[in-house]
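Colleague: Could we go through this model together, starting with a strand and then turning to charged pairs?

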Amino acid sequence: MTIRTGAPVVVGVDGSAAGLDAVRVAVQEAAHRRRALRVVHAFIWPLMGVPVGPAPGAPAGGGLRHEAERHVAQAVAEAGRLAPQVPVTGVVVDGAATAVMLAESRDAALVVLGHRGLGGFTELLVGSVSVQVSARAHCPVLVVRGEPRAGGPVMVGVDGSELSTAAIEFAFAEAAYRDVPLVAVHAWLFPSPAGPGEALPVAYDGDYRADDVNRILAESIAGYLERHPQVVVRHRLVRGTAAHVLVEESKSAGLVVVGAHGRGALSGLLLGSVSHAVLHHAHAPLVVVRHQPERH
């Protein structure tokens, strides 16, 4: 996983209650990482040709741009109240939500989005924009939803692919930050080939295959255990579709972490149908982590 020196946590806000919930999560994430927080409001109205200043004869503080600035100021004040040690800045950026947040992600350690929004972030209903940002962002994306569970474990979906290592690394670091256990969840429904072009046997021992997969996946996180020896790890090998398993397991999690574009022995944790389902139905905040080349 890429660690960008000095990169802030970025949170999208719009004045809604969900936006402030995202700020509360984001400032704690910034405090854990000892990073600054950048509060961003995507201001789409200039692109639509809508007047953004006060109407003729209206108070000087009226108009859509001033309203957007008040949303940002409110979020900055809330973050400062909750974590005064975190440096916080706020900005109104002209543009549509997806484009603005993707641009912000280039220089961010983490992007945090609410699960529904108003105004400039109306699009941030769990749907097209959150999926697009999660699929294309240059850093991990945290979508705030579900019930807060202080002390709940970090749950990571593991599919046995090289690309899922970024999600595993993020999950270990997050569990260490939070001082909570890590639950590695492996969802499987049928046995899968051990390599490209390899056929499945006509008959197989399902229990043996489960033990074999569990061993391989346990080995895949061994290196992270060495780097984070303080993290208590629990393994969950669950029969079922990835989407159903992750949603059900999220009921007891403080945070769910999935990788984007998973593939391999337990493929299915893709940013597609599975991640889309988890974004819609998870009972805890969700982080989508894309594999990124190393940048500092």
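Colleague: How many residues of strand S7 (residues 182-188) are buried?

Modeller: Please bear in mind that this is a predicted model, in which local features need pLDDT of at least 70, side-chain atom pairs count only at pLDDT 80 or more, and totals for chains, interfaces and linings use all residues. Residues are numbered from 1 along each chain as its sequence is written, and side-chain values use heavy atoms, with hydrogens and water left out. Strands (E, at least two residues) and helices (H or I, at least four) are DSSP runs numbered from the N terminus, and buried means under 20% relative accessible area, exposed over 50% and partly exposed in between, with a 1.4 Å probe and protein chains only. On these terms S7 is mostly covered, and the number of its residues that are buried is 7 of 7.

Colleague: Which residues of S7 point the other way from Leu182, Ala184, His186 and Trp188?

Modeller: Leu182, Ala184, His186 and Trp188 point one way from the strand, and the residues of both sets are buried. Those that point the other way are Val183, Val185 and Ala187.

Colleague: Over how many bridges does S7 pair with strand S8 (residues 233-239)?

Modeller: Two strands pair if DSSP finds at least two bridges between them. S7 pairs in the parallel sense with strand S6 (residues 154-157) over 4 bridges, and Gly157 stands opposite Val185. With S8, where Arg234 is the bridge partner of Val183, the sense is also parallel, and the number of bridges is 7.

Colleague: Which residues are linked with Asp21 in a network of salt bridges?

Modeller: Asp21 and Arg24, both in H1 and 3 residues apart, meet in a salt bridge of 2.8 Å, N to O. Asp21 is partly exposed at 35% relative accessibility, as is Arg24 at 33%. The residues linked with Asp21 in the network are Arg24, Glu78 and Arg81.

Key:
Salt bridge = Lys/Arg side-chain N within 4 Å of Asp/Glu carboxyl O.
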